[in-house]
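Please look over the structure below first.

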Amino acid sequence: RDVPERHRSLRAAFDQSWRLLSDKQRDAFAQLSVFRGGFDREAASAVAGADLRLLSELASKSLVRRSEFGRYELHELLRQYAAEKLAAEPADGRPSTRERHARHYAGMLLERQDALLGPEMTVARDELRGELDNLRVALEWMVTEGDEPAALAALEAFNAFLWMHSWFEGGETLER
């Protein structure tokens with residue numbers, strides 16, 4: 001009872017942190033919630049418009065964490081909070097954050113598809129392996145919300161990636 005209201009629950013603490021952010025920081029933080037399992041600076045810029053300065057500002061406020069491999073991640077509770085904020089934003093006619101996320105990762109798959117079946121397969125496979133959670137989320141969005149030809153092309157590239165790993169559980173993902 002003797003602590004301020006902003007310290008009485010996680011939601012209150014998150015709300016207090018949210019209020020302290022600038023509009024640009026709020027927008028970027030909410031958009032970063034579409035990532036799963038981390039992201040790199042290039043992806044943050046392409047999907048959320050978050051440059052290095054903005055990522056550093058969010059990291060200094062302990063909302064984004066930078067790993068030792070140069071990747072960024074959001075704690076799952078913070079990601080869920082930011083996803084709620086993103087869902088509450090009105091559509092403004094531009095491509096949605098989820099659509100930009102799906103396009104970014106589908107493009108990544110398609111760029112590496114030939115390499116997955118060629119002499120540089122280990123490099124392409126290793127690049128994609130760190131993005132597995134993002135690839136799955138992007139493909140699920142493409143299948144349910146995107147256009148069919150783009151989804152099929154991305155699924156074909158994803159199948160090549162799964163085949164390289166002999167990950168048969170990927171067949172269930174593709175079937176779904």
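## Helices α7 and α9

Met121, Arg125, Leu128 and Arg129 in α7 meet Phe161, Met164 and His165 in α9. Contact means heavy atoms within 4.5 Å. By class, this contact has four nonpolar, one polar and two charged residues. Ala, Val, Leu, Ile, Met, Phe, Trp, Tyr, Cys and Pro count as nonpolar; Asp, Glu, Lys and Arg count as charged; the others, Gly among them, are polar.

Helix α7 spans residues 121-129, and helix α9 spans residues 148-165. They pack at an angle of about 105°, with axes 10 Å apart. The two helices are therefore roughly perpendicular (under 35 degrees is roughly parallel, over 145 roughly antiparallel, 65 to 115 roughly perpendicular, the rest oblique). Axes are lines fitted to C-alpha atoms, for helices over the stretch in contact, and angles run from 0 to 180 degrees between N-to-C directions. Helices are DSSP runs (H or I, at least four residues), numbered from the N terminus.

## Basis of the model

This is a predicted model: local features need pLDDT of at least 70, side-chain atom pairs count only at pLDDT 80 or more, and totals for chains, interfaces and linings use all residues. Residues are numbered from 1 along each chain as its sequence is written, and side-chain values use heavy atoms, with hydrogens and water left out.

## Helices α3 and α6

Helix α3 (residues 41-48) packs on helix α6 (residues 97-116) at about 135°, with axes 8 Å apart. The pair is therefore oblique.

From α3, the contact uses Glu42, Ala43, Ala46 and Val47. From α6 come Thr97, Arg100, His101, His104 and Tyr105. By class, there are four nonpolar, three polar and two charged residues.

## Nonpolar core

The largest nonpolar core has 49 residues. Such a core is a set of buried Ala, Val, Leu, Ile, Met, Phe, Trp, Tyr and Cys residues joined through side-chain atoms within 4.5 Å. Phe29, Leu32, Phe35, Phe39, Leu58, Tyr105 and Phe158 touch the most other members. The largest share, nine residues, comes from α9.

## Two loop residues

Glu131 sits in the loop between α7 and α8. Its relative accessible area is 3%, so Glu131 is buried (buried is under 20%, exposed over 50%, partly exposed in between; 1.4 Å probe, protein chains only). Beyond neighbours within four places in sequence, Glu131 contacts Gly38, Asp40, Arg71, Tyr105 and Met108.

Gly146 lies in the loop between α8 (132-145) and α9. With a relative accessible area of 29%, Gly146 is partly exposed.
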